[in-house]
Amino acid sequence: MYFTTFNFFFVIAFALLALIHAHPVSLAVRDVFVPEVLTPKAGDTWVIGDTQSVTWNVSSPPAQITNPVGQLLLRKGELTQNVTLAGNFSILAGNVSFIVPSVTPDDDYSVVLFGDSGNFSPDFSIVANVSGTS
């Protein structure tokens, strides 16, 4: 049997047709964990240079979390800032502590908790340290 150009194209066409009609392979089920940020609460005040904690609800995580490594960013108004408050912690820890960074004092800050998704806290204030100590 001779392998002709016609046979070659027939084999390629058959292979492509088989790929088109193949059933997709199902991926493992992955759950996105969206824990509610509990603190800071609306109206809270942080002082620059003080140690603060952010807490979130870990009472009902899914069986498999897609990204268990947390990161906490600062947000001002509608924009997430390039200010990492904490990173590389377990999203199942439920809390993380850090030093409040030196930012412009204002009353429209929030935190964004990243792991599987980005969860926002309510707005709170950051004020200057008027005592000069931290």
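## A charge over a ring

K76 sits over the face of Y109, 5.5 Å from the ring centre, where a charge is taken to lie over a ring if NZ of Lys or CZ of Arg is within 6 Å of the ring centre and within 35 degrees of the ring normal.

The model is predicted, with local features requiring pLDDT of at least 70 and side-chain atom pairs pLDDT 80 or more, while totals for chains, interfaces and linings use all residues. Residues are numbered from 1 along each chain as its sequence is written, and side-chain values rest on heavy atoms, with hydrogens and water left out.

## Aromatic pairs

Rings of Phe, Tyr and Trp (its six-membered ring) form a pair if their centres lie within 6.5 Å, and planes under 30 degrees apart are called stacked, over 60 edge-to-face and the rest tilted. The count by this rule is three aromatic pairs. One of them joins W46 and F124, a tilted pair at 4.2 Å centre to centre with 40° between the planes. Because W46 belongs to strand β2 (residues 45-47) and F124 to strand β9 (residues 124-127), the pair ties together parts 78 residues apart in sequence; strands are DSSP runs (E, at least two residues), numbered from the N terminus.

Both W46 and F124 are buried, a term for under 20% relative accessible area (1.4 Å probe, protein chains only). Ring pairs also link W46, F98 and F124 into a cluster.

## A second tilted pair

The ring centres of W56 and F89 are 5.5 Å apart and their planes meet at 40°, so this pair is tilted. W56 lies in strand β3 (residues 51-56) and F89 in strand β5 (residues 79-90), 33 residues apart. W56 counts as buried because its relative accessibility is 3%, and F89 is buried with a relative accessible area of 11%.

Note on methods: Helices (H or I, at least four residues) and strands (E, at least two) are DSSP runs, numbered from the N terminus. Buried means under 20% relative accessible area, exposed over 50%, partly exposed in between (1.4 Å probe, protein chains only).
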